[in-house]
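Please examine the sequence and the structure shown below.

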Amino acid sequence: MPISVKDLIFTTDLPTVGGSKAYVGFVPDEDDIVVERVRRAGGIVLGKTNVPDFGYGPTFDPVFGTTRNPWDLTRSPAGSSGGSAAAVAAGLGPVSLGSDGGGSIRVPASFCGIYGLNPSFGRVPLYPGTRDTRFPGFSGWESLERIGPLTRTVTDAALVLDVLKGPDPRDRHSLPDAGERYLDDLDRDLTGLRIGWTLDWGGYARVDAAVATLVERAAQVLADLGAEVETACPGFPDPAATFGTIMALDADLRTMRELVDRYPPGEAPPRLVTLLEQERSFVDASSAVAARKSLYNSLWRFFEHYDVLLTPSTPVTAFPVDLPGPTEIGGLPVTDPMPLARFTAPISLAGNPCASIPCGWSEEGLPVGLQIVGNHLDDRLVLQVSRAFERARPWADARPPAASAAGATASVSGRGDLHDHS
């Protein structure tokens, strides 16, 4: 199977630049564990996919250029796995390996109309990426980052997860493997499954009307399949500040400052400069760790009453490619520094398995994703619910017209839900 690999994941036979001018020409001396496993299983690594500087933000790659969304070349594929999502959507291969610390698989999957699986934290071992302090920039996000597949079908994602999963002594967080295959028993009856869904996390998050409509329809699809679906929310407070502090705590700020000093004056990535300039105290860090525990406690209590949680993957559809993010959400100006991660970052803090699955297209012809979240370590149920939705509302035959027409302006025939597209 031909596979592309996000350029934050190490490869011995291809440069690993991480979207950074500080690593131009760098070729690692070892593969990331996931690349080892893919190669051992017969996977053919076609090449690397674009990322922003060390994964911070939409896919503006200062080394290889900006990635565009195949559904509309004037729009962004988001980030940081934007290159991987665009590659799969454009038909450059059936699978790309991405990584996700706050939404970096799920958000691009949503924007590009494909499936993105973010396994349970520790399910897929990571090394050297996020674990080896010899490589500042790559070595951050240790308690947040996960690697997973971006694919056109749920079955392909299960197949790849079967190859990637299992412990490795190089990753102290990696989970034991009972030997089960996620590819088995994908099709299940959803009758009686308890599903809670939210569009606003209890009040502090906003979504565009087009996104809300399609996510609500998706919840009804699962109800029609026999699940017990109702509006429900774990009830944790806005975790944006908590996420920002945990991200900084993971970042190894001392070596990051040394890395930024390697750039010519004025050329250091703005997001990294902002990260380094923001002052945080030990009390801030301690409070963030405590808030993370509280958030997870809210989630496990939620899953005592529900089997699955549904949210939008993103609050908006793809924004213009020359912008760093959306300027409005729900008709109001954006003031949040991480607006695209509103629904994904809390799940990254908790480490629960989750996925983004296409649930429709806007009137502009832009994809919308549904986030499916499972209980602690319940990757199988996330895949099973995804597969049930995929069978009810298939999307794999919905391909962007611009996929094979570089430089053309994308237009999409078909509007509305997935039934119209299929």
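**An enclosed helix and an open sheet**

Eight of the eleven residues of helix α6 (residues 240-250) are buried (under 20% relative accessible area, with exposed over 50% and partly exposed in between; 1.4 Å probe, protein chains only), so α6 is largely enclosed by the rest of the structure. Helices (H or I, at least four residues) and strands (E, at least two) are DSSP runs, numbered from the N terminus. This is a predicted model, in which local features need pLDDT of at least 70 and side-chain atom pairs count only at pLDDT 80 or more, while totals for chains, interfaces and linings use all residues. Residues are numbered from 1 along each chain as its sequence is written, and side-chain values use heavy atoms, leaving out hydrogens and water.

**Helix α6**

- The buried residues are T242, F243, G244, T245, I246, M247, A248 and D250.
- These buried residues pack against α7 (253-260), α8 (270-277), α9 (282-302) and α10 (345-350), where contact means heavy atoms within 4.5 Å.
- Just after α6, D252 adopts a positive phi of about 55 degrees.

**The sheet**

- Ten strands form an open sheet with mixed pairing, in the order β2-β1-β5-β7-β6-β13-β14-β10-β8-β9; two strands pair if DSSP finds at least two bridges between them.
- At the edges stand β2 (44-49) and β9 (228-231), each with a single partner strand, so one side of each has no neighbour in the sheet.
- Strands of a sheet pair through backbone hydrogen bonds, either parallel or antiparallel.
- Strands β1 (residues 2-6) and β5 (residues 95-100) run parallel and are joined by three bridges; the bridge partner of I3 in β5 is V95.
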